[in-house]
Each structure stands twice: as structure tokens, then as C-alpha cells.
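Have the model open beside you as you read.

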Amino acid sequence: MIWWLENTVRARSERQSVADLTERVNWLQGVRWHLSNGAALAVDFEIEHDGDSIPFTMTYAEFHPNAPPIVVPRGCNRRLSSHQYGAGGNLCLEYRADNWETAVTGAMMIESAHRLIAGERDVDGPELPSAHYVSIGQSVRGSYFRFLITPPLEERLKAVEPAQSIEIGIAEKYHAETFAVTVAEIGGTADVRAWPAGIRETTKRGHAIRLPAGRGMPSAAQDSIASLLGDLGFEALQEQVLAATGEIDLVLVSGTEIAHFYAYDSNQKRYFGRSRILKVGAGSRLPDDYAGLAEKSVGIVGCGSLGSKIAAMLARVGVCRFTLVDDDVLFMANLVRNELSVPGIGVHKVDALRARLIEIAGTIEVTTRRVALGGQESADSTDSVMSALQACDVIIDATADAHCFNFCAAVARESLKPLVWGEVFAGGIGGLVARVRSGHEPEPQMARNQINAWCDAHGILVPLAGFSAPYATTAGDGAAALVADDAEVAIIAGHLARLATDLLIRPDNSAFPSPAYAVGLRKAWIFSEPFETWPIQLSSSEPWKVDQDSASVAESLALLRELLPSVFDGHDQSPK
């Protein structure tokens with residue numbers, strides 16, 4: 001797009017405004033319009049100040065007037081101003097990307113450049129204010145060695161006695177071509193890492209030294225660091241620095257700053273450097289009532305597209321104990337809708353998902369069972385999986401398989417544990433999410449029957465995924481099949497994760513007035529438009545289990561005596 005060809009009115013206005021400025025002031029000289037690389041509109045000009053003539057070029061951005069022009073010194077590779085992006089770079093003027101408005105003209109940019117030059121060269125004038133703000137990301141984007149400091153770590157480092165050295169534990173990880181370093185342990189203090197423990201990292205030993213008052217930081221050079229250590233009397237560390245090889249991690253603390261110096265060997269050469277400091281903010285980005293989730297456990301049956309996403313979401317809100325059940329293996333075709341990625345191909349989904357959860361949350365407790373619940377498995381394997389699910393605080397069925405649901409429902413009913421289930425409708429037109437709690441909703445099988453009856457009552461066949469290829473259905477009229485994509489699956493997974501989180505936080509005072517919802521993502525079935533939601537009410541909240549009366553207890557004891565007569569020999573057999 002060449003803006004000045006499409007918007008000739010603005011282009012002529014820009015030229016005229018600069019011409020008007022030239023007539024109005026005597027400091028603007030040598031104006032010459034031309035086309036630069038890529039047919040960009042540009043203007044050369046000179047600013048006269050105290051007998052000096054300073055040449056500039058202003059180039060209009062490709063998206064002008066929706067983006068600011070670029071003003072750079074012409075033919076000058078040195079730093080002309082303190083308000084400049086490096087030597088020879090463009091000036092940081094009053095009108096920038098962060099406050100740009102389309103009403104600002106090139107003439108106004110030239111006037112701003114003049115005020116900057118005149119203001120900085122006027123020694124008797126007031127200091128020019130700076131509105132320059134650099135974000136954390138901007139400050140470190142050219143640094144690939146980064147040292148992360150948490151508030152507890154900073155407090156502990158500043159408590160080190162001046163001229164003292166203490167041994168520290170260093171944790172380092174390499175990811176996306178960046179080395180991130182933090183202190184894992186300092187002087188026996190509890191873990192002060194800037195990331196969760198348990199992830200893939202390298203650990204090693206280092207030293208932290210508090211500099212005496214008035215002693216400045218050394219440069220990131222071997223001789224400079226060695227000289228400092230020698231002056232402070234740390235001969236052993238000095239020898240390590242002066243050695244021809246070997247890694248070093250040295251944290252130095254002064255009255256005003258903290259620095260991390262490192263050395264490493266590569267290609268038969270030893271490199272010394274200084275990491276960029278990143279201070280990690282304190283506090284949590286989760287609601288206060290999520291704190292208790294770390295003690296809760298969740299059982300997820302089915303670790304495919306839906307289950308894998310639910311597990312990841314729950315790990316992010318703070319759940320630290322999982323039981324994952326699935327016999328399937330991840331293949332390349334699964335990647336379009338799964339939380340897992342390429343490294344998991346060929347791995348059992350439960351094992352790959354366990355690794356993914358550790359990547360998200362660090363040290364967590366994940367039990368994996370490579371079992372098809374309701375499939376052709378040995379009876380003891382099925383019983384073992386059901387026992388493991390029984391110990392969970394919430395059970396989630398993400399299989400969309402009626403036979404598997406029967407087993408999950410049996411566990412929930414027997415243990416009186418809440419059950420969450422759902423599925424993505426065929427073709428990704430929407431989905432179903434549901435939850436039941438003992439004492440609040442009917443037992444799982446009754447609830448499922450009521451939901452199916454609600455769907456059938458609309459007189460239109462419900463597009464359950466289990467009745468066709470998972471997440472796919474024919475569009476009709478010879479059109480291509482509709483297939484649910486990752487976003488559609490993620491929406492339903494998000495709703496199921498919300499139901500599960502709600503159950504864990506407030507089991508008896510749910511934020512969801514209805515126990516089940518049909519959520520539309522396209523205009524189809526009963527949905528008149530995307531994101532239309534139908535709440536589904538369930539009747540009956542009778543207890544899921546009936547307490548045994550004395551007669552039932554007596555019958556149970558009688559049966560037990562028949563099965564294990566030796567246990568009852570010589571003992572009173574009457575119920576108490």
C-alpha cells in the first residue's frame with residue numbers, strides 16, 4: 001500500500017504544512033521532498049541552531065497517517081541526542097507510537113525535533129523532561145542471559161553481611177534460545193526459585209557476596225572480577241576465575257544493585273558475562289479462594305482433546321493432584337485439537353499429559369493409568385482404576401462414551417463424589433456440560449437420562465459425537481463434513497473446567513444455578529445463533545445411597561458368616 005497515492009489530499013496537506021513552517025520560522029532550511037526505498041515519501045531538512053546546521057530526514061510510515069513518521073539524523077552515525085534510539089537511530093520526539101494521533105502532521109514532528117535540539121544544547125535552560133518508558137520486555141529483548149530475582153531472594157541477599165560470601169544453589173534452564181537463571185537455595189533458606197521446582201533445569205553451586213560500602217560493581221571481564229575478589233580476600237574464588245576453564249556463577253550485592261556474573265566454556269574458549277536482571281513481582285493472579293485447590297485431587301477419564309485441555313486448565317488454577325486414565329497413544333493427527341504437542345507423538349496420552357502438567361505447574365502429583373475404563377481390560381485393572389478414582393475429590397468423564405460413563409457414574413455414586421462430564425457435539429456446533437452432586441442433583445445415571453430426554457423433547461436428533469465420527473458430521477446437501485476445531489473444543493473444555501473448579505471451591509454453594517448446559521457455537525440444532533446457551537434443569541435430589549436399616553445389616557452379617565464362617569466362630573453374631 002502506498003498511502004500517498006491513495007490519500008493524495010493528506011499528502012498535499014503534509015507538503016503544504018512543511019512549506020508554511022518554512023515561511024514562518026528561520027531555523028528550518030534545505031527542505032527537499034523525495035521518494036526513498038520502497039517509494040516511501042520522505043523529506044530532507046536542516047535545523048539551524050547557534051550557527052550549526054544539523055541535517056535530518058523524515059520518512060513517512062507505510063501506514064501514515066495511522067503511524068508516526070521516522071525522523072533520523074542524516075549522514076550521522078553517532079548519538080546526536082539522549083532522546084534517540086541508539087547511534088544514528090530515530091529521535092524519540094513528543095509525538096510517538098504510544099501517543100500518536102492522526103491529526104499530528106509532519107510539520108509538527110519537525111517542530112518537535114527543533115525543540116529537542118535547541119533544548120538539549122541550551123546549557124542555561126531547564127532540563128528537558130523525558131516521557132521515555134521502557135517495558136521489561138523491551139529492556140531485555142537483546143539479552144539472552146537473564147537472572148530472575150524474587151522478593152524473598154532479594155531480601156535474603158541484602159541481609160548478607162558486607163564483605164561476606166555464602167554458598168548458593170543455582171537453577172538454570174534453557175528455553176527458546178534464552179538462558180534463565182535463578183537462585184534455588186541460599187544459606188539453607190527454603191526454595192526461592194523464580195519458577196516452580198520440578199521442571200527440567202540444571203542445578204549447580206555458586207556464591208553470593210555482599211560488597212563493602214562504596215565498592216562498585218566490576219565489569220563483566222575476567223581480570224576485573226578476579227581483581228575484586230583478590231581485594232576482598234577471596235583467594236579461592238579468585239583462582240577459579242583466573243583458571244583457563246570452568247563454569248562460574250557469582251552474585252554480587254551492593255547498596256544499590258544486584259548483579260549476576262557467569263563464565264562458561266564453549267569451542268575451547270572461556271566466556272565471561274553479566275546477566276540482565278529481571279525482578280519477579282509478588283502476589284498471585286488467582287482469586288484468594290483458589291488457594292485451597294492445591295490440596296484437592298481430580299480424576300480425569302479420557303485424555304484426548306477435551307480431557308487434556310481440562311487437565312491443563314485445572315493445573316493453571318492450582319490443582320496439584322491428578323489421576324489420569326486413558327489407554328490411547330498420541331499421534332500426529334491428534335495435534336490439531338490436543339493440549340499436547342509434537343514431542344508427545346508416540347507416547348501414551350496419560351504420560352505425555354503428565355509431562356505437560358509438570359511443565360505448567362512444576363512439582364505436582366500425577367498418577368497415570370494406561371487403562372481403557374469400560375474397555376477390554378482385566379477385571380482387576382478395572383477395579384483398580386475405579387478405586388483410584390474413588391479417592392479423588394471430583395471425577396471428570398471426558399470420553400463421550402456411554403459405556404465409560406457407566407463406570408464413572410458407579411464410582412461417583414458409591415463414593416458420593418461429584419461427577420462432571422460433557423462432550424463436543426458432532427461438527428463442533430456446540431457442546432454439553434454437566435455436573436451432579438450428592439444431595440443436590442439426581443444420581444449420575446438418572447441425571448444423564450433426564451438430559452437425554454431433554455434433548456429428545458426438542459424433536460430434533462441431538463448431534464451427539466458418539467453417534468458419528470468424533471467431532472464430525474455431514475453438513476448436508478453434499479457439503480463437506482463439519483469438523484470441530486481446537487477453539488471449539490477449548491470452549492467446551494473451559495466450561496467443564498469451570499464446573500470442576502466451582503465444585504472444588506464451593507461444593508455446596510455453586511455459582512452455576514443449573515447443573516447442565518447446552519452451549520451453542522454455530523447456528524444449528526436448537527441453537528439460533530453462536531454462543532446461545534440453554535440451561536438444563538434436573539429433577540430429584542434424593543440421596544444417592546440409602547442407609548442400611550438394622551434388618552439389612554443383619555442380612556449382611558448373615559451373608560458374611562456364610563462366606564467366612566471361621567471369622568465368626570466363637571463371636572457374638574448379633575447386630576449392635
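This is a predicted model: local features need pLDDT of at least 70, side-chain atom pairs count only at pLDDT 80 or more; totals for chains, interfaces and linings use all residues.

| Helix pair | Angle | Axis separation |
|---|---|---|
| α6 (residues 222-232) and α7 (residues 235-242) | about 170 degrees | 8 Å |
| α2 (residues 8-24) and α3 (residues 106-121) | about 40 degrees | 8 Å |

Let us take α6 and α7 to begin with. Angles over 145 degrees count as roughly antiparallel, and α6 and α7 are therefore roughly antiparallel to each other. On the α6 side, Gln-222, Ile-225, Ala-226, Leu-229 and Gly-230 make the contact, meeting Leu-237, Gln-238, Val-241 and Leu-242 of α7. Of these contact residues, 6 are nonpolar, 3 are polar and none is charged.

Now for α2 and α3. Their angle of about 40 degrees makes α2 oblique to α3. Here α2 brings Glu-14, Ser-17, Val-18, Leu-21 and Arg-24, while α3 brings Gly-106, Ala-107, Ile-110 and Glu-111. This contact divides into 4 nonpolar, 2 polar and 3 charged residues.

Finally, which residues of α12 are buried? They are Pro-444, Ala-447, Arg-448, Gln-450, Ile-451, Trp-454 and Cys-455. These residues cover an arc of only 160 degrees around the axis, so they lie on the same side of α12. Their packing partners are α11 (402-415), β17 (419-424), β18 (430-436), β21 (516-520) and β22 (533-536).

How values were computed. Residues are numbered from 1 along each chain as its sequence is written. Side-chain values use heavy atoms; hydrogens and water are left out. Axes are lines fitted to C-alpha atoms, for helices over the stretch in contact, and angles run from 0 to 180 degrees between N-to-C directions. Helices (H or I, at least four residues) and strands (E, at least two) are DSSP runs, numbered from the N terminus. Angles under 35 degrees count as roughly parallel, over 145 as roughly antiparallel, 65 to 115 as roughly perpendicular and the rest as oblique. Contact means heavy atoms within 4.5 Å. Ala, Val, Leu, Ile, Met, Phe, Trp, Tyr, Cys and Pro count as nonpolar, Asp, Glu, Lys and Arg as charged, and the others, Gly among them, as polar. Buried means under 20% relative accessible area, exposed over 50%, partly exposed in between (1.4 Å probe, protein chains only). The arc is that of the directions from the helix axis to the C-beta atoms.
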